[in-house]
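Please open the structure in the viewer and keep the sequence panel beside it.

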Amino acid sequence: LVKLIDEKVTSQKNKKGSSSRSLHRPIICICNDPWAPSLKPLKDRAKVIKLAIPDTQRLIARLQHIAKCEKIKVDTRTFQALCQLTNNDIRACINTLQILSIIKEPITSDLLVRAVFGAK
């Protein structure tokens, strides 16, 4: 959901005594179920953009780039297993890599299978 909100936003008084300000930047909300009842009030104010599930090879290439930049050791087989476990969910893949990188050891497919991260 993306929407540029150009309305008065109530805020606490600042040092100059002003109690409201205008917000002139987009607010980006990411959700898996845009039809959830809790999002109903946003429907008339937001633009819904549907994204396709990324191609596995393209996702693996991007994850390899991220792992290289972050100095995380992961083999190709592990990236394939990660994509399969998460149904190519980009956020789940990145979050799982981040969590498993804390152990400061190479991330293997065996470690990935034993971990509960990334699974839906």
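Predicted model: local features only at pLDDT ≥ 70, side-chain atom pairs only at ≥ 80, totals over all residues.

Which residues are exposed on the other side of α1? They are Arg 58 and Lys 68, where exposed means over 50% relative accessible area, buried under 20%, and partly exposed in between (1.4 Å probe, protein chains only).

Residues are numbered from 1 along each chain as its sequence is written, and side-chain values use heavy atoms, with hydrogens and water left out.

**The whole chain**

Display the entire chain as a cartoon. It contains 4 helices and 4 strands; helices (H or I, at least four residues) and strands (E, at least two) are DSSP runs, numbered from the N terminus. Traced from the N terminus, the order of elements is β-β-β-β-α-α-α-α. Of the 120 residues in the chain, 25% are buried.

**Helix α1**

Select residues 56–69, which form α1. The end C-alpha atoms of α1 are 20 Å apart, in agreement with the 20 Å that its 14 residues should span at 1.5 Å a residue (the expected span is 1.5 Å times one less than the number of residues). Next, highlight Leu 59, Ile 60, Leu 63 and Ala 67, the buried residues of α1. They lie on the same side of α1, because they cover an arc of only 100° around the axis, the arc being that of the directions from the helix axis to the C-beta atoms. These buried residues pack against α2 and α3.

Now move to the N-terminal end of α1, which is capped by Asp 55: a side-chain oxygen lies 3.2 Å from the backbone nitrogen of Gln 57. After α1 comes Lys 71, with a positive phi near 60°.

**Helix α2**

Select residues 76–86, helix α2. At its start, a side-chain oxygen of Asp 75 comes within 3.2 Å of the backbone nitrogen of Arg 77. The buried residues of α2 are Thr 78, Phe 79, Ala 81, Leu 82, Cys 83 and Thr 86, and they pack against α1, α3 and α4.

Zoom in on Thr 86, which counts as buried because its relative accessibility is 0%. Its side chain reaches the backbone oxygen of Leu 82 at 2.9 Å.

Continue to Asn 87 in the loop between α2 and α3. Is Asn 87 buried or exposed? With a relative accessibility of 54%, Asn 87 counts as exposed. Asn 88 is found in this loop too, but at 10% relative accessibility Asn 88 counts as buried. Phi is positive in Asn 87, near 55°, and in Asn 88, about 60°. Most residues other than glycine have a negative phi.

**The core**

Finally, show the side chains of Leu 63, Val 74, Phe 79, Leu 97 and Ile 107, which have the most contacts inside the largest nonpolar core, a set of 17 residues. A nonpolar core is a set of buried Ala, Val, Leu, Ile, Met, Phe, Trp, Tyr and Cys residues joined through side-chain atoms within 4.5 Å. At least two residues of this core come from each of α1, α2, α3 (90–101) and α4 (109–114).

End at Ile 107. Beyond its neighbours within four places in sequence, its contacts (heavy atoms within 4.5 Å) include Ile 72, Val 74, Thr 78, Leu 97 and Leu 100.

Methods: Polar contact = N/O pair within 3.5 Å; in protein donor to acceptor, adjacent residues only side chain to side chain.
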